[in-house]
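Thanks for sending this one over.

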Amino acid sequence: MQEYRMLIGGEWVNSTTTETFADINPATLETLALLQLAGYKDVDRAVEAAWKGFKVWSETPPPKRAEVLFKAARLLEERKEDLAVLMTKEMGKILPEARGDVQEAIDIAYYAAGEGRRMFGETSSSELRDKFCMTVLRPLGVVGLITPWNFPVAIPAWKVLPALMAGNAVVLKPASDTPLSAIKFVETLLEAGLPPGTINLVTGAGSTVGAALVKHPGVRAISFTGSLETGKWIMGECAKSMKRVSLELGGKNPVIVMDDADLELALEGVLWGAFGTTGQRCTATSRLILHEGVREEFSSRLLEKTEKLKVGDGLLPETEVGPVINRAQLEKIESYVRIGQEEGAKLLSGGKRANSELPGYFFEPTIFTDVKPEMRIAREEIFGPVLSIITVSGFEEALEVANNTAYGLSSAIYTKDISKAFRAVEKLECGITYINAPTIGAEVHLPFGGVKGTGNGFREAGPEAIREFTEVKAVYIDYSGKLQKAQIDTSAPAVQERGTEQ
Ligand code: UN1
């Protein structure tokens, strides 16, 4: 069995605990590799190495940093297929989607590299004569990045590449279910010429390694994608040490289908949004808010299409829905199906394990109807192939139901009425709204993130990506050659002939 090491200070090293853990294929339950189970000491070593890396990297001019990122983008392109196959084995998503995941990393690599010649500040006039003002962007220092398993390459890339572009050094802690994809991604950065220590990677449990990173006094910022519960804990810890923290914590994303919608288009969108990636996206459609005028027709057509979806190993070309990530997640989904039934929702399709003859963690695409907004299946993030249908009698009620959630990441509305579409853009409380398109599929040059329980105001990707990982410094340059006192020297005439100053 191949054993992988962790990256600290440019060296691939064993953990100080000398323990390892297994990386399991969720479709076959085969062990793919063994990984280092890091301990607190490894986090200390990684942070120390990162500060050494920071010294070199932060003094490298941004356009030169960009050259490394451009090279990494090209390497990722060359390795796209290998990475995608590995990802399908490690995480379960079907191969076309795994290719999409790597493509998202390639896209952000080019995008972040392009920022190398666009790290602009602003200039401003001063309130005083012979004085110039500007802002410059400064890196934060060493940043800790904690990433989830559902986008094993794309999400590490979203965080790592803008952080590096901004001049930071990184300690990456990938999800324990998908460390290998992260290791392969990091290898491309090293080969692209990133100096030692600039990126470090530690593998192990979130409760030890992740927590050690969050609490570490040498880490200036944490960027985390994961559950609301963990996010709240991280935010509390970061408050104690005044660390910057940016959070992306999932959703309960609604699609509104109005009675004037193109139903075929909406059907395709709901199917892809709810069951693409086996429902394991933060942006997945988990609530369908259906106008009563199209309830019967839409539900029955959706049922028909859902029952045809082929669940299986993501490497097989006919598979449309892969396994869920692990046993705990499978059991969580099962428990939500029970909860839904106990709450009085009606199971329209699915609701149980699929392909029981196979060893993997397969679950049938599941639809509940007669769901009420107050039910737990309509409020809590399940993170699996489970869709709840809530019927409404009009547009205003649809908006109200859509907003009746603790989360606020993505949302969509299918309608041909332009007024309703724009009103939805105005009123839906979330970071992303799609018109006549599904809730999944955000592009890397637009900001990604959400409101309420989904996040704390930061956005990833897009123009905001650099902002997440920089501080703005205000700079004043006084070329008057004398002491000028802001807010005090107010009696000086506003207009003065040069050479007549006292
Ligand atoms: C996530 O699920 O955390 O918009 C990220 C999308 C993808 C990214 C999802 N581009 O669905």
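1. A word on the source before anything else. What you have here is a predicted model, so please read each value below as computed from that model.

2. Let's begin with the aromatic rings. The structure holds 4 aromatic pairs. One of them joins Trp-51 and Phe-54 in an edge-to-face arrangement, with 5.3 Å from centre to centre and 80° between the planes. How do the two partners differ in accessibility? Trp-51, at 27% relative accessibility, counts as partly exposed, whereas Phe-54, at 15%, counts as buried. The cut-off matters for this pair, because buried means under 20% relative accessible area.

3. A second pair worth a look is Phe-70 with Tyr-110. This pair is tilted, with the centres 6.1 Å apart and 45° between the planes. Which parts of the chain does it link?

4. Now to the charged side chains. In general, side chains of opposite charge can pair when their charged atoms come close. This structure holds 27 salt bridges. Among them is the one between Lys-55 and Glu-59, where the closest N and O atoms are 3.0 Å apart. Are these two residues buried or exposed? Both Lys-55 and Glu-59 are exposed.

5. Glu-191 lies in helix α6 (residues 179-191) and Arg-79 in the loop between α2 and α3 (80-91), so the pair ties together parts that are 112 residues apart in sequence. Glu-191 counts as partly exposed at 45% relative accessibility, and Arg-79 is partly exposed with a relative accessible area of 22%.

6. Another salt bridge brings together the side chains of Glu-380 and Arg-376, at 2.8 Å from N to O. Glu-380 is partly exposed at 22% relative accessibility, and Arg-376 is partly exposed with a relative accessible area of 33%.

7. Which residues form the negative one? Glu-77, Glu-78, Asp-107 and Glu-443 make it up. Of these, Glu-77 lies in helix α2 (residues 62-78) and counts as partly exposed at 40% relative accessibility. The other patch is nonpolar: Phe-132, Ile-477 and Tyr-479 make a surface of about 300 Å². Ile-477 has its place in strand β19 (residues 470-478) and is partly exposed, with a relative accessible area of 35%.

8. Val-171, in strand β8 (residues 169-173), is buried, with a relative accessible area of 0%. How far is Val-171 from Gly-250 in space? The C-alpha atoms are 23 Å apart, and the two residues are 79 residues apart in sequence. Glu-229, in helix α8 (residues 228-240), counts as exposed at 67% relative accessibility. Its C-alpha atom is separated by 9.7 Å from that of Gly-453, a residue 224 residues away along the chain.

Key. Residues are numbered from 1 along each chain as its sequence is written. This is a predicted model: local features need pLDDT of at least 70, side-chain atom pairs count only at pLDDT 80 or more; totals for chains, interfaces and linings use all residues. Side-chain values use heavy atoms; hydrogens and water are left out. Patches are made of residues with over 30% relative accessible area and no salt bridge: like charges are joined within 9 Å, nonpolar side chains (Val, Leu, Ile, Met, Phe, Trp, Tyr) within 5 Å. Accessible areas come from the Shrake-Rupley method with a 1.4 Å probe; for residues, only the protein chains shown count as cover. A salt bridge is a side-chain nitrogen of Lys or Arg within 4 Å of a carboxyl oxygen of Asp or Glu. Lys and Arg count as positive and Asp and Glu as negative; His and the chain ends are not counted. The place of a charge is taken as NZ of Lys, CZ of Arg, CG of Asp or CD of Glu. Helices (H or I, at least four residues) and strands (E, at least two) are DSSP runs, numbered from the N terminus. Buried means under 20% relative accessible area, exposed over 50%, partly exposed in between (1.4 Å probe, protein chains only). Rings of Phe, Tyr and Trp (its six-membered ring) pair if their centres lie within 6.5 Å; planes under 30 degrees apart count as stacked, over 60 as edge-to-face and the rest as tilted.
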